[in-house]
Amino acid sequence: MQETQRPGPGGGYPTPSPSRGMKDENLAQLTAEIERVSYRNEENGWTVLKARNCADDTQLTATGHFAAVHPGEQFEFIGTWGRHPQYGPQFKIERIVPVRP
């Protein structure tokens, strides 16, 4: 069972610890603007969203457990790329950091 992540003190987003299996050499990083939340489980924070990569203006699907996000907000996503057998390429978010306007 995956641990539920909630905002930390001051509303910050949690950072996974290395003990959870996160390997820095496998991580990718990108800045994206949320376009829409496709699915959200309010009980555990599991979210599927569509976002626009700010670097090349491409749309991507991202998934992960994190606090609520809203269309128009920008975040730095840190995680890994994977491929869902039915839904295709997805960015699996390990850490999400808000980008200040």
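The model is predicted.

Start with the secondary structure. The protein has five strands and zero helices. Along the sequence, the pattern reads β-β-β-β-β.

The five strands form a closed barrel. Its order is β1-β2-β3-β5-β4, and the pairing is mixed. Within this sheet, neighbouring strands are turned by 50° against each other on average, with direction ignored. In general, strands of a sheet pair through backbone hydrogen bonds, in either a parallel or an antiparallel sense.

Take one pair as an example. β1 and β2 run antiparallel and are paired over seven bridges. Here Val37 stands opposite Leu49 of β2.

The largest nonpolar core holds 14 residues. Leu49 and Phe77 have the most contacts inside this core. Which strands supply this core with at least two residues each? They are β1 (28-40), β2 (46-53), β3 (59-65), β4 (74-84) and β5 (88-98). In soluble globular proteins, nonpolar side chains tend to be buried together.

Now step back to the whole chain. The protein has 101 residues, and 31% of them count as buried; the cut-off for buried is under 20% relative accessible area.

Finally, consider contacts along the sequence. Take those between residues at least 6 apart in sequence: 44% of them join residues at least 24 apart.

How values were computed. Residues numbered from 1 in each chain as written. Predicted model: local features only at pLDDT ≥ 70, side-chain atom pairs only at ≥ 80, totals over all residues. Heavy atoms only, no water. Helix = DSSP H or I, 4+ residues; strand = E, 2+ residues; numbered from the N terminus. Buried < 20%, exposed > 50% of the residue type's maximum accessible area, 1.4 Å probe, protein only. Contact = heavy atoms within 4.5 Å. Core = buried A, V, L, I, M, F, W, Y, C linked by side-chain atoms within 4.5 Å. Pairing = 2+ DSSP bridges. Axes fitted to C-alpha atoms, helices over the stretch in contact; angles between N-to-C directions.
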